[in-house]
Amino acid sequence: MLEKDPVMNQESVMSVLPHRSPMLMINEVLTLAPMESIEATLYIDPAWEIFQGHFPGNPVFPGVLSVECMAQAADIMLMTAERYKGKTPLLAGVDGARFYQKIVPGSHVTAKVNVARENAEKAVVSCNAELYLDEKLAAKCTVTLAMR
């Protein structure tokens with residue numbers, strides 16, 4: 001896999017997203033076309049407290065946090081567009097979530113997201129989202145966000 005220089009580091013990610021630790025699920029953005037597509041990464045830190053209970057002796061990154069990672073990538077893609085700058089992204093729906101690979105502490109994942117459809121009048125956007133582990137599809141879903 002070729003390493004890409006990030007177009008956004010964590011500091012610039014935090015200048016766009018309202019999320020903060022422990023709920024910030026994006027470290028860097030590798031590619032970004034506002035209102036079109038994004039590739040963003042997350043390092044699954046073994047020190048995260050969640051792994052004390054999910055699962056002791058056999059830690060696994062929770063599926064719900066995989067969805068959150070994909071949703072936050074979508075948030076950045078939308079919030080960097082002029083019409084959604086400064087809005088708060090609210091998760092309005094998750095459809096068709098599927099999980100294919102076990103994600104463990106110490107892994108690096110890449111979220112790839114693109115816009116599927118937008119209802120501009122209601123400021124609601126649905127996005128196709130995929131999460132990759134070592135270039136293999138680990139999870140996918142459609143996230144719908146209400147920009148408020």
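Residues are numbered from 1 along each chain as its sequence is written, and side-chain values use heavy atoms, with hydrogens and water left out. Because the model is predicted, local features need pLDDT of at least 70 and side-chain atom pairs count only at pLDDT 80 or more, whereas totals for chains, interfaces and linings use all residues.

The description begins with the sheet. Six strands form an open sheet in the order S1-S2-S4-S5-S6-S3, with antiparallel pairing. Strands here, like helices, are DSSP runs numbered from the N terminus (helices: H or I, at least four residues; strands: E, at least two), and two strands pair if DSSP finds at least two bridges between them. At the edges stand strand S1 (28-33) and strand S3 (89-99), each of which pairs on one side only. On average, neighbouring strands of this sheet are turned by 20° against each other, direction ignored. Such angles are taken between axes, which are lines fitted to C-alpha atoms (for helices over the stretch in contact), and run from 0 to 180 degrees between N-to-C directions.

Strand S6 (residues 136-147) is joined to S3 by eight bridges, and the two run antiparallel. Within this pairing, Gly93 has Thr144 of S6 as its bridge partner, and Phe99 stands opposite Ala139 in S6. S6 also pairs with S5 in the antiparallel sense, over 10 bridges; Val124 has its bridge partner in Ala146 of S6. Why is S6 described as largely enclosed by the rest of the structure? Nine of its 12 residues are buried, so S6 is largely enclosed. Buried means under 20% relative accessible area, exposed means over 50%, and partly exposed lies in between (1.4 Å probe, protein chains only).

Helix H2 (63-79) lies across S1, S2, S3, strand S4 (108-119), strand S5 (124-133) and S6, and runs at about 55° to S6.

Asp134 is not a glycine, and at 63% relative accessibility it counts as exposed. Met35, in the loop between S1 and S2, likewise has a positive phi, of about 65°, although it is not a glycine. With a relative accessible area of 15%, Met35 is buried.

Two cis peptide bonds may be considered next. The bond from Ser21 to Pro22 is cis, with omega near 10°, and Pro22 lies in the loop between helix H1 (10-16) and S1. The bond that joins His54 and Phe55 is also cis, with omega about -5°; Phe55 lies in the loop between S2 and H2.

The loop between H1 and S1 also holds Met23, which is partly exposed, with a relative accessible area of 38%. Leaving aside its neighbours within four places in sequence, Met23 is in contact (heavy atoms within 4.5 Å) with Leu65, Glu68 and Gln72. Its C-alpha atom is separated by 14 Å from that of Leu90, which is 67 residues apart from Met23 along the chain.

A pair of aromatic rings is described by the distance of the centres and the angle of the planes. Rings of Phe, Tyr and Trp (its six-membered ring) pair if their centres lie within 6.5 Å; planes under 30 degrees apart count as stacked, over 60 as edge-to-face and the rest as tilted. The structure holds two aromatic pairs. In one of them, Trp48 and Phe51 are stacked, at 6.4 Å centre to centre and 15° between the planes. The rings of Trp48 and Phe61 have their centres 6.1 Å apart and their planes at 35°, so this pair is tilted. Both Trp48 and Phe61 lie in the loop between strand S2 (37-43) and H2, so the pair ties together parts that are 13 residues apart in sequence. Trp48, Phe51 and Phe61 form one aromatic cluster. Trp48 is partly exposed at 25% relative accessibility, whereas Phe51 is buried at 8% and Phe61 is buried at 3%.

A further ring is that of Tyr132: the charged end of Lys112 sits over this ring, 4.7 Å from its centre. For a charge to sit over a ring, NZ of Lys or CZ of Arg must be within 6 Å of the ring centre and within 35 degrees of the ring normal.
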